[in-house]
Amino acid sequence: MRLDGRRTSSNISDRRGGSGGKIAGIGGIGGLIIVALIVWLAGGDPMSVLTDSTGYSPSSQIYSSTLSPQKEQEYAEFAGKILAGTEDVWSQQFKRMGLTYREPKMVLYTGAVNSGCGNATASVGPFYCSADQTIYLDLSFFEQMEKEMGAGGDFACAYVIAHEVGHHVQYLLGTLDEAHAAMAESSKTEANKLSVRTELQADFYAGVWAHQDNKLFNSLEPGDIEEGLNAASKIGDDYLQKQAQGYAVPETFNHGRSDQRVRWLKKGISTGDIRYGDTFTPAYSSL
């Protein structure tokens, strides 16, 4: 991506190097479910903590990063520029809809973090918390994408951030709360399907951002889109389950199959129009 001369967002809180608080028994998606239950018992939104970018959970242990300080700082600067780009794009898109865009915050952390949705470790991957309208990111995840998932590249990393911002867009438009309310009243299988619809729309919004960012800044380079589509394919529920256990269990999918994630990201990139991102009306089998 071409990012030279681009501004950096002022909505970033850098907590890298901090302990993030004591965390017991929390790691991966299972740990997030424990956090969600605690949030629910406290009167909060239990689903907000489950809205992470990928559903990627390689193990219950915190990833041992080999990032050099220089590389980590490069990632931090990159994240700041991408977040700024999402601010520019979505402010413009909301204005066209007659709305005002409220920019999300981003917290950079190391290892573990205390969010508005509870405590979490880096093993759960990046996530958006609607309780404090903040994206949480341990920069070592970008290293994981390249070394463990075969999904490296600057646009692949940008896609992860843009997907989380997509959840914030859903929150501002009321979609996220509606989906969470419907999930709470549904069976586990139906709730998973609603989660898939929610995640695919966030993928679509990430694609819309890429289209519009390129329109504003000529940011995309040859190979960028392919990097993003490759990343989307590597974080599909079917792909991750097969990698982890050798087979997939479709009724447990909550982020979408690889082909679905690729399709909706690609649709967002090609259209650049939020009006084409309805993932809730079509039959589930046609997503």
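This is a predicted model: local features need pLDDT of at least 70, side-chain atom pairs count only at pLDDT 80 or more; totals for chains, interfaces and linings use all residues.
Two strands pair if DSSP finds at least two bridges between them.

**View 1. The whole chain, for orientation.**
The protein's secondary structure comes to nine helices and six strands. Of its 287 residues, 52% are buried. Take the contacts between residues at least 6 apart in sequence: 77% of them join residues at least 24 apart.

Strand S3 covers residues 112-115 and strand S4 residues 118-121, and the two pair in the antiparallel sense. With four bridges between them, they clear the cut-off of at least two. To get from S3 to S4, the chain goes through a hairpin of two residues.

**View 2. His 168, a buried residue of H4.**
His 168 belongs to helix H4. Buried or exposed? With a relative accessible area of 0%, His 168 is buried, as the cut-off for that is under 20%. Not counting residues up to four places away in sequence, His 168 touches Tyr 101, Arg 102, Glu 103, Pro 104, Tyr 128 and Gln 133. Arg 102 is 66 residues away along the chain, yet the two C-alpha atoms are separated by 9.1 Å. Gln 133, another of the residues His 168 touches, lies in the loop between S5 and strand S6 (134-138). Check its backbone while you're there: phi of Gln 133 is near 50 degrees, a positive value in a residue other than glycine.

**View 3. The second largest pocket.**
This pocket holds about 270 Å³ of space. Its lining comes to 16 residues, with Lys 71, Glu 74, Tyr 75, Phe 78 and Asp 154 lying nearest the centre. Helix H2 (69-96), helix H3 (140-147) and H4 are the elements that give two or more residues to the lining. Which of them gives the most? That's H2, with six residues. By type, the lining of the second largest pocket splits into eight nonpolar, two polar and six charged residues.

In H7 (residues 224-234), the buried residues are Asp 224, Gly 228, Leu 229, Ala 231, Ala 232 and Lys 234. They pack against H3, H4, H8 and H9. In the loop between H6 and H7 you'll find Asn 218. Asn 218 is partly exposed, at a relative accessible area of 47%. Phi of Asn 218 is near 50 degrees, again a positive value in a residue other than glycine.

**View 4. Ala 248, in the loop between H8 and H9.**
Ala 248 is found between helix H8 (237-245) and helix H9 (258-271). Its relative accessibility is 26%, so Ala 248 counts as partly exposed. Setting aside neighbours within four places in sequence, Ala 248 is in contact with Asp 238, Gln 241, Lys 242 and Phe 253. C-alpha to C-alpha, Ala 248 and Asp 237 are 7.7 Å apart, with a separation of 11 residues in sequence.

**View 5. Asp 278, in the segment after H9.**
Past H9, the chain reaches Asp 278. This residue counts as partly exposed, at 34% relative accessibility. Which residues is Asp 278 in contact with, leaving aside neighbours within four places in sequence? They are Gln 201 and Trp 264. Gln 201 is 77 residues from Asp 278 in sequence, but the C-alpha to C-alpha distance is 7.0 Å.

Technical notes. Residues are numbered from 1 along each chain as its sequence is written. Side-chain values use heavy atoms; hydrogens and water are left out. On a 1 Å grid over the protein atoms alone, a cavity is a set of points where a 1.4 Å probe fits but cannot get out, and a pocket is an open set with protein on both sides within 12 Å along at least five of seven lines; lining residues have an atom within 4 Å of a point. Grid points are joined across faces, edges and corners, and a volume is the space filled by probe spheres set on the points. Ala, Val, Leu, Ile, Met, Phe, Trp, Tyr, Cys and Pro count as nonpolar, Asp, Glu, Lys and Arg as charged, and the others, Gly among them, as polar. Buried means under 20% relative accessible area, exposed over 50%, partly exposed in between (1.4 Å probe, protein chains only). Contact means heavy atoms within 4.5 Å.
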